[in-house]
Amino acid sequence: NDVIGKLMRQHRTLATINQSLSPELAGLVALDYGVDLTIAQAQTLEELLVEEFGSRAPVEENLVTRPPVVTILGHVDHGKTSLLDKIRSANVAAGESGGITQHTAAWTVEIKGSDGQSKRVTFIDTPGHQAFTSMRARGANMTDVVVLVVAAVEGVMPQTIESINHARAAKVPIVVAMNKIDRADANPDMVLGQLAAQGLNPVEWGGDTEVIRTSAQTGQGIQELIEILDYQAQLLDLKADPHAPARGTVIEARIDQGLGSVGTMLVQDGTLKVGDVMISGQGYGRIRTLLNDRGESIKEAGPSTPVIVSGLNNVPNAGDKFYVVDDVDRARQIAEERETLQRQKDLAAKNQTVSTADALYAQMKAGQTKTINLIIKADVQGSVETLVKTVGDQNTEEVKVQVIHSAVGSITESDVELAAATKDVNESTVIVGFHVIPDEKARQLAEQLHVEIRTYQVIYEIFDDLKKALSGMLEPET
Ligand code: GDP
C-alpha cells in the first residue's frame, strides 16, 4: 500500500497490486526507499536459444568471406533511387534484360570484377533513413557499409550531414558516390572540399574516404562502386559460417492472401533451407517456401542473402531477428512464452507515466549512465554552434557529454530514431530543442520509443539542467 501510495503521489501513476512497472519506474521507487535495485536485462531470444540448444557461435574453420550488406543514404533528390535502379539493372548474374522486374526490400548484385573475379554486394533497398536507423533503433544492425550519395551539382546538404552522423553513430564505414557527374554543371572539387570539411577526407586528397564519381543516368562509376564495396568487405574481414544454424534479420513482413505470413529476411549466418523450423519475433513455423530476390523458388540461402520466407504462424516485425532451431515443439512453446512476455511488457509501457528525464536521472544516480548523447536542434545556426561548443565543456571525469548530431530545424522522426538507436546500457540520448519543437510524428514516435525531448526558450536553462543532471549522477569516488 505504501508503494502504491508513493507511486500515485510522487510519480503520478495509478497502480494496482498486480501491475508490472517499467524498469525506469521501478528504479525510481527503489531510489525512494534507498533500496539497491538490479534490473536484469530481459533474456534475448538468442540467449534463450543458446541456453536451450547450445552455442550458435560460428566455427572458426568453417568461416568464409560473405558479401557486404549496403544501405544507401543521402540528401533527397541526389539520386539514391536512381542509383539503386541502375545498380540493379547492371546485375549480370540476374540475366535480366528488362532490368527491374519487381520491388524487393533487399537484393544482391553480382558483377565480374576487373580482376575476373565475381563480386557480390547485397543492397537494402529502402533509401533514406528508415531501413537504417529505425532498424538500429530496434537493435538490428544489418548494414556493413553506407553508400553516401552526394550530387556533384548541389554538394553536401543538411540531410547529407544527417546521414554522415547516422552512419558514424552506427560505426559503419562510408563510401561516397558523387552522383550526377554527367551533368555539365557538376562541381567535383567543391564536393571534395565539402566532404573534407565533414571529416570525410577523400582518398585522392590523401585521406581514407573512397569517393566514386557516378552517374545513375549513364551508368558511369557503377562497376567501380561495386568493386570498391567488395574491397571494403575484404578490409572489414566480413565472414560467416554457412554450416552454422541459420540466423538473420527480418527486413519487412506482410500477410499474403495465399501464403499467409511472408517476410523478406536477410540471412546473416548459416544457411536457411526449406523445411527448417524458424522462430522470429513472436512467431514460429516450418519454412514452406523460399524465394530469391527475383521471385524464383529456391531450396536454400547462405550468408548475406536476402530471401522471401513463408511458413511462420505470425507476422514478424521489421527488425526482428530470426533463428533456426531443430525442435518444432520447443519452438512453439518459446514463441508462445515470448508472446505472453511481450503482452506484459506492452502493458507496463502503457502504464508508464513517469517522464524519461526522471528515468535518466535515476539511471545516472545508479551510476549506469556513462555517456550522455545530445542531439541539438535550434532555430538558427548561431544557437546551434554556441550550444555544441558549450556543452562539450560539461564533461566530468565520470560522465561524458557528447553531441552526436546538430542542425537547424524542428525536431523530426529521424532525430528520434537516431536517439533511440544510440540508447545503450551505458549511454542515454536526449534531444534538446532550442526555440524549436518536435513535429507531431516525432512526438508520437518519441513516446513510443521512450526518447526524451527537452525544449527550451532560454539558453542558460539548458546548462542548468545539464549541470543538475551531471551533479546528480556522479558516482561515488573510490
Ligand atoms: P532520391 O530522392 O535521392 O532517391 O533521388 P532520385 O533518384 O529520385 O533522383 C532525383 C532526380 O535526379 C531524378 O529526376 C533523377 O532522374 C535525377 N538523377 C538521379 N541521378 C542522376 C544522375 O546521375 N545524373 C543526372 N543527370 N540526373 C540524375
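Of the 478 residues in the chain, 49% are buried, where buried means under 20% relative accessible area, with a 1.4 Å probe and protein chains only. The model is a predicted one: local features need pLDDT of at least 70, side-chain atom pairs count only at pLDDT 80 or more, and totals for chains, interfaces and linings use all residues. Residues are numbered from 1 along each chain as its sequence is written, and side-chain values use heavy atoms, leaving out hydrogens and water.

The chain holds 14 helices and 22 strands. Among contacts between residues at least 6 apart in sequence, 72% join residues at least 24 apart; a contact here means heavy atoms within 4.5 Å. The chain exposes about 22,700 Å², and carbon and sulfur atoms supply 48% of that area. Such accessible areas come from the Shrake-Rupley method with a 1.4 Å probe, and for residues only the protein chains shown count as cover.

Strand E10, residues 260-269, pairs with E17 in the antiparallel sense over seven bridges. Two strands count as paired if DSSP finds at least two bridges between them. Thr264 stands opposite Ile308 in E17. E17 also pairs with strand E14, residues 289-291, again in the antiparallel sense, over three bridges. Here Thr289 has Ser310 of E17 as its bridge partner. In a regular strand, side chains alternate between the two faces of the sheet.

The next topic is the ligand. Around the ligand are 15 residues, of which Asp77, Thr81, Ser82, Asp182 and Ala216 come nearest. A residue is near if one of its heavy atoms lies within 4 Å of the molecule. By class, this shell has two nonpolar, eight polar and five charged residues. Asp, Glu, Lys and Arg count as charged; Ala, Val, Leu, Ile, Met, Phe, Trp, Tyr, Cys and Pro as nonpolar; and the others, Gly among them, as polar. Helix H4, residues 80-89, gives the most to the shell, with three residues.

Backbone N or O atoms also lie by oxygen atoms of the ligand: the distance is 2.7 Å for Ala216, 3.0 Å for Gly79 and 3.2 Å for Lys180. Taken alone, the ligand exposes 580 Å², and the protein buries 73% of that.

Technical notes:
Polar contact = N/O pair within 3.5 Å; in protein donor to acceptor, adjacent residues only side chain to side chain. Helix = DSSP H or I, 4+ residues; strand = E, 2+ residues; numbered from the N terminus. Buried < 20%, exposed > 50% of the residue type's maximum accessible area, 1.4 Å probe, protein only.
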